[in-house]
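Have the sequence and the 3D view ready.

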Amino acid sequence: MIVLSSLEALKNAENALNQLKAKQPDVFSQLLHMISLTRQLQLKYEYMGRLFMGEEPGEASPRFVKESVVRLYESEVMNVKEQDEAEVIKQIFSNYKHIGYENLSLLALGNTPDSLKGVS
């Protein structure tokens with residue numbers, strides 16, 4: 001999915017993630033775990049976001065990954081999702097869905113809004 005994001009929306013999302021990191025570092029750490037695992041397995045951030053939010057993965061589904069790896073990955077995402085504190089992550093994902101799960105993930109990893117401006 002191609003997502004065009006305004007610089008203001010990206011900055012607002014960055015602020016929300018920074019607040020999460022400052023106020024609830026354990027929850028932010030769980031989010032980073034999920035994002036890092038997605039990156040290490042070379043899966044799409046869109047797949048991670050849709051899986052976490054209970055949405056249909058559609059085109060974001062992994063195509064050339066062993067089923068056992070996908071099951072392990074999905075289990076890890078569900079472990080984060082089932083935590084009581086995960087509601088904060090769900091709220092951020094919901095509030096900033098319009099900028100895309102990929103942009104949210106990259107912001108959480110430390111990319112700046114200026115570096116993400118445009119098509120993702």
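## Helix α1

How many residues does helix α1 have, and how far does it reach from its first C-alpha to its last? Before the answer, keep in mind that this is a predicted model. Helix α1 runs over residues 7–23, so to speak its whole stretch, and has 17 residues. From first C-alpha to last it reaches 24 Å, which is close to the 24 Å expected at 1.5 Å a residue.

Now look at which side chains are hidden. A9, L10, A13, A16, L17 and L20 of α1 are buried. If you look down the axis of α1, these buried residues fall within an arc of 120°, so they line one face of the helix. Turn to the other side of α1 and you'll find E8, A22 and K23, which are exposed.

## Helix α6

Next stop: residues 101–108, which make up helix α6. Here 7 of the 8 residues are buried, so α6 is largely enclosed by the rest of the structure. The buried ones are Y101, N103, L104, S105, L106, L107 and A108.

Just after α6 comes G110, with a positive phi of about 110°.

## The loop with Q42

Where does Q42 sit? You'll find Q42 in the loop between α2 (25–40) and α3 (45–53). Its phi is near 60°, a positive value in a residue other than glycine.

Is Q42 buried or exposed? Exposed is the word here, because Q42 has 72% relative accessibility and the cut-off for exposed is over 50%.

Key:
Residues are numbered from 1 along each chain as its sequence is written. This is a predicted model: local features need pLDDT of at least 70, side-chain atom pairs count only at pLDDT 80 or more; totals for chains, interfaces and linings use all residues. Side-chain values use heavy atoms; hydrogens and water are left out. Helices (H or I, at least four residues) and strands (E, at least two) are DSSP runs, numbered from the N terminus. The expected span of a helix is 1.5 Å times one less than its number of residues. Buried means under 20% relative accessible area, exposed over 50%, partly exposed in between (1.4 Å probe, protein chains only). The arc is that of the directions from the helix axis to the C-beta atoms.
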